[in-house]
Amino acid sequence: MYKKTPPLEKTYNKTLLVIKSCKTKEQLEGASHMIRNFKTLYRKVGYPKALSYNLDETLKQQHTICQL
């Protein structure tokens, strides 16, 4: 059965919003899983590596904010 991949831009923006909305360490762990799923899904169809880097950096920044 063929599964349709959601639009890259929509999924990327949603993932960024989830990361930026995290306030606790547990939420950041969930966002980390979401990033992993994003990379796994779009690795099969191809995506710019800059998106992956940006998601990782945004997660690091949010982790720093949550520790304050």
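A residue counts as buried when its relative accessible area is under 20%, as exposed when that area is over 50%, and as partly exposed in between, using a 1.4 Å probe and protein chains only. The model described here is predicted, so local features need pLDDT of at least 70, side-chain atom pairs count only at pLDDT 80 or more, and totals for chains, interfaces and linings use all residues. Residues are numbered from 1 along each chain as its sequence is written, and side-chain values use heavy atoms, with hydrogens and water left out.

**Overall architecture**

- The chain has 3 helices and 0 strands, where helices (H or I, at least four residues) and strands (E, at least two) are DSSP runs numbered from the N terminus.
- Read from the N terminus, the order of elements is α-α-α.
- Along the principal axes, the C-alpha atoms occupy a box of roughly 45 × 25 × 15 Å.
- Of the 68 residues, 28% are buried.
- Contact means heavy atoms within 4.5 Å; among contacts between residues at least 6 apart in sequence, 68% join residues at least 24 apart.

**Nonpolar core**

- A nonpolar core is a set of buried Ala, Val, Leu, Ile, Met, Phe, Trp, Tyr and Cys residues joined through side-chain atoms within 4.5 Å.
- The largest such core has 13 residues, of which Y12, I19, F38, L55 and L59 touch the most other members.
- Helices α1, α2 and α3 (49–67) each supply at least two residues of this core, and α2 gives the most, with 5 residues.

**Aromatic residues**

- Rings of Phe, Tyr and Trp (its six-membered ring) pair if their centres lie within 6.5 Å; planes under 30 degrees apart count as stacked, over 60 as edge-to-face and the rest as tilted.
- The count by this rule is 3 aromatic pairs.
- Y12 and F38 form a tilted pair, with 6.3 Å centre to centre and 50° between the planes.
- Because Y12 lies in helix α1 (residues 8–21) and F38 in helix α2 (residues 25–43), this pair ties together parts that are 26 residues apart in sequence.
- F38 also forms a tilted pair with Y42, at 4.9 Å centre to centre and 45° between the planes.
- Both F38 and Y42 belong to helix α2, 4 residues apart, about one turn of the helix.
- Y12 and F38 are both buried, and Y42 is buried as well.
- One aromatic cluster is formed by Y12, F38, Y42 and Y47.
- Leaving aside neighbours within four places in sequence, F38 is in contact with L8, T11, Y12, T15, Y47 and L55.
- The charged end of K49 sits over the ring of Y47, 5.2 Å from its centre; this term requires NZ of Lys or CZ of Arg within 6 Å of the ring centre and within 35 degrees of the ring normal.

**Helix α3**

- The buried residues of α3 are L51, S52, L55, T58, L59 and Q62.
- These residues cover an arc of only 125° around the axis, which puts them on the same side of α3; the arc is that of the directions from the helix axis to the C-beta atoms.
- They pack against α1 and α2.
- The face of α3 turned away from the buried side carries the exposed residues K49, A50, Y53, K60, Q61 and Q67.

**K14 in helix α1**

- K14 has its place in helix α1 and is exposed, with a relative accessible area of 54%.
- The C-alpha atoms of K14 and G46, 32 residues apart along the chain, are separated by 18 Å.
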